[in-house]
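Welcome! Please take a look at the structure below, and then we can walk through the place where its chains meet.

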Amino acid sequence: MAILVIAEHDNSTLKGATLNAVTAATQMGGDVHLLVAGANCGAVAEAGAAVAGINKLLVADNAAYEHQLAENLSKLVTEVAEDYSHVVAPATTTGKNFLPRVAALLDVAQISDITAVESENTFQRPIYAGNAIATVESLDPVKVITVRGTAFDAAAAEGGSATVETLDAVHDAGVSSFVGEEMAKSDRPELTAANVIISGGRGMGNGENFAMLEKIADKLGAAVGASRAAVDAGFVPNDMQVGQTGKIVAPELYIAVGISGAIQHLAGMKDSKIIVAINKDEEAPIFSVADYGLVADLFDAVPELEKLL
Amino acid sequence: MKVLVTVKRVIDYNVKVRVKSDNTDVDLANVKMALNPFCEIAVEEAVRLKEAGTADEVVVVSIGPKACQEQIRTALALGADRGIQIETEEAPESLGVAKLLAKVIEEEQPGLVIMGKQAIDSDNNQTGQMLAALTDMPQGTFASEVKIDGDNVNVTREVDGGLQTVALNMPAIVTTDLRLNEPRYASLPNIMKAKRKPLDVKSPADLGVELKAHTKLLKVTPPAERQAGIKVASVDELVEKLKNEAKVI
């Protein structure tokens, strides 16, 4: 039996999270097929067919799938899933939205947010905000799984030569429609894809002070993040939030500025390779996970850091 | 319109959970339990719809042992009108929960169902979506704004990279994200009043649902501990370490 991975994309580019999910899928054993469902998504299908490790690419190109509406997409995936042992999607807001619907329609469990593949039916996943790791065995004939991207390396985007099959099935449930979206625009890398992240917390005092972090980010090619406290205080928008309920990140370097280190925040960044903490409270819990801690007033230390970079 | 809200009894979010020494599960003995924070936001949203005159009744459902009546009472103190407990010995898996709730929906016929996007114990983020599939309803997950407009509900969703708004035909299912609202505190008179509000107890058999295990928990282990590193004395030293020791800049 083969493994079906559902591609994450915006109809023009294949999102990086797909490549991490493909790596997880290859560890489950068997051929890996990739489904691209979208509208006018030919470029994505082409990119998907080139991904190393993909044997077959399925493409469903129809207006019903343009915005990845869960009601429509879940019906398509459920129909396709019949021939597969595993259905896998990245644990992004898109994957988390439609895949549980697929599981319910197939009358099976979904194993969410896996961080390791132990065998074809046994997986590890964090529970309690990452304070415990559960090893879970699936008893279902079809395993429906979302994959935490930071736990798996990305598959090579080039080198594959999948055969392409077009699906004509159109599932339009007709009960939901896309109204609009407001996407943050930034020249900096996306949080979940960045090699370096600099994040600010409540200690930043206000949103304007995040400009100090942006200057450093521009020098390091970094993304700018925030703690939930900074988002709740209205300093910065919610899509910058790193933590259990925000984005889960694992960059090479994570710089936490004015962040105390609530469990909630640590759950989102503690798998980073190197963690730096700058905080004036030397008792702050963030220092217990930091490789390098600097006890200092951020309003002195951050400008100085920028000068030295 | 009737609004159905679901609530789960979970470990209090301020408590750091510990893994049992035999690695069979986490240790919940004598741990403070509370209403799941996302469920609390769901209750608040439903109560606000009632206060705005959009909803005329708020029904709250919880599934679990008798102790979960405490969380139903909390929701009633926040303003829900009546409660339903589906008594089970342990919390069923998400799919089982969705099957039980689908039967409740069949009986209650709500116009809107509001649920938390995830419970902070199992962190699955799936029950609302599964329930939507089983009842063939549209879903607005990770909601930061809910606006009812005639027979439709517009839901603004927190998605990677920003916000997305979808229009759903009602009845629909909404799952809450953190910024949807700030839940109120229950007043003492309302806590007293909640004790007299109706609370029905049903069993899965009453609803005609047979619960089945789809997964097996093999073990639970603590996460790899991260060791605290060193304190540096100055920004100079920090930059030097990052360049020459960690080699990340």
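## Salt bridges between the chains

Across the interface of chain B and chain A, four salt bridges are found. One of the residue pairs joined in this way is A:Lys75 and B:Asp136, whose side chains come together at 3.4 Å, N to O. Keep in mind as you explore that this is a predicted model.

## The extent of the contact

How many residues does each chain bring to the contact? Chain B supplies 77 residues, and chain A supplies 83 residues. Between chain B and chain A, about 6600 Å² of area is buried, and carbon and sulfur atoms account for 55% of that area.

## Polar contacts and the chain B side

The interface of chain B and chain A also holds 45 residue pairs in polar contact, with both residues at pLDDT 80 or more. On the side of chain B that touches chain A, the elements giving two or more residues include helix H3 (94–108), helix H4 (127–135), strand S9 (139–149) and helix H6 (235–244) of chain B. Strand S11 (162–169) of chain B is also one of these elements, and S11(B) gives the most, with eight residues.

What kinds of residues make up this side of chain B? They divide into 38 nonpolar, 20 polar and 19 charged.

To find your way along S14(B), start with B:Val220, which has A:Ala134 opposite.

Notes
Residues are numbered from 1 along each chain as its sequence is written. Chains are lettered from A and ligands numbered from 1 in the order in which they are written. This is a predicted model: local features need pLDDT of at least 70, side-chain atom pairs count only at pLDDT 80 or more; totals for chains, interfaces and linings use all residues. Side-chain values use heavy atoms; hydrogens and water are left out. Contact means heavy atoms within 4.5 Å. Buried area is the accessible area (1.4 Å probe) that two parts lose on being put together, summed over both. A polar contact is a pair of N or O atoms within 3.5 Å; within protein, one must be able to donate a hydrogen and the other to accept it, and residues adjacent in sequence count only if both atoms are side-chain atoms. Helices (H or I, at least four residues) and strands (E, at least two) are DSSP runs, numbered from the N terminus. Ala, Val, Leu, Ile, Met, Phe, Trp, Tyr, Cys and Pro count as nonpolar, Asp, Glu, Lys and Arg as charged, and the others, Gly among them, as polar. Two strands pair if DSSP finds at least two bridges between them.
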